[in-house]
Amino acid sequence: MKRVKLTVAYDGTNYCGWQVQPNGVSIAGTLNQHLSELLNEEIYVLGASRTDAGVHALGNVAVFNTEARMPAERISYALNTRLPEDIRIQDSREVAPDFHPRFARTRKTYEYKIWNWRFSEPCSRLYSLFYHWSLDVERMRRAAAYLVGTHDFTSFCTNKPEVTNRVRTIYSLEIYAQGEAMEYGIGMITVRICGNGFLYNMVRIIVGTLLKVGGGMMEPEEVQTILEARDRSLAGDTAQAHGLTLVGVDYL
């Protein structure tokens, strides 16, 4: 028996998310199916991040146990010949039997892309949020600074009763603009956030709040008040899923 670690990239457009669902096609379910056929045994992958429907990934991590004799580093090549084109294994390797992708100390990085212009851009419509109102990136950056550090992020997550500890650490929260503000917008804006872990919908709610700040509906300083209040109703909307990409999971 050996444990194999996969680094998985996928376009989440056509999937109901990472987790296996009874009435939809999932990333994990697709991996389970093709790994089981390849290795001729029942395989069940365990993922580092259970991304939602429509969310993309460049470097999610999954592990599975197998009795197969195929070398771990060859599994990526063999599996990629079977997978649909919107899922690709970037790396496969053997890891320690007790390695757990979710419980190990990690640094996760997400990016959320916003197309800020008068009209939508067809080639990026599946990977960015179209936002045609004016945005002030400097105001968004000032607001983002309040979220860096270790805080209770109750105001910035969708409640799950089974999650009792909502303290997380954000190492960095940076906002990049494609160009200078013009009459019709800025172009592509990227919100890049790195932390030790994220609560359910946390990144998307942070982005929704930053959009309110950038659009002048909220002052940057209000973000600190919202954070301290631990009240979800005070923060912005949950930004749409398709603008979000899990860039990578680094193990410390």
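## Salt bridges and pockets at a glance

Arg 93 and Asp 91 pair up in a salt bridge, with their closest N and O atoms 2.8 Å apart (a salt bridge is a side-chain nitrogen of Lys or Arg within 4 Å of a carboxyl oxygen of Asp or Glu). This is a predicted model, where local features need pLDDT of at least 70 and side-chain atom pairs count only at pLDDT 80 or more, while totals for chains, interfaces and linings use all residues. Residues are numbered from 1 along each chain as its sequence is written, and side-chain values use heavy atoms, leaving out hydrogens and water.

**Salt bridges**

- A search of the whole structure turns up eight salt bridges.
- In the Arg 93 and Asp 91 pair, Arg 93 is partly exposed at 45% relative accessible area, and Asp 91 is partly exposed too, at 23% (buried means under 20%, exposed over 50%, partly exposed in between, with a 1.4 Å probe and protein chains only).
- Asp 152 bridges to Arg 230, with the closest N and O atoms 3.7 Å apart. Asp 152 sits in strand β7 (residues 149-152) and Arg 230 in the loop between α5 (222-229) and β10 (244-251), so the pair ties together parts that are 78 residues apart in sequence (helices, H or I with at least four residues, and strands, E with at least two, are DSSP runs numbered from the N terminus).
- Asp 152 counts as buried at 18% relative accessibility, whereas Arg 230 counts as exposed at 52%.

**Pockets**

- The largest pocket has a volume of about 890 Å³ (on a 1 Å grid over the protein atoms alone, a pocket is an open set of points where a 1.4 Å probe fits, with protein on both sides within 12 Å along at least five of seven lines; lining residues have an atom within 4 Å of a point). A volume is the space filled by probe spheres set on the points, which are joined across faces, edges and corners.
- Its lining has 35 residues, and Arg 50, Lys 108, Phe 198, Leu 199 and Tyr 200 lie nearest the centre.
- β5 (106-116) and α4 (202-214) are the elements giving two or more residues to that lining.
- The second largest pocket comes in at about 200 Å³.
- Residues lining the second largest pocket include Leu 129, Tyr 131 and Met 217, and α4 gives the largest share, three residues.
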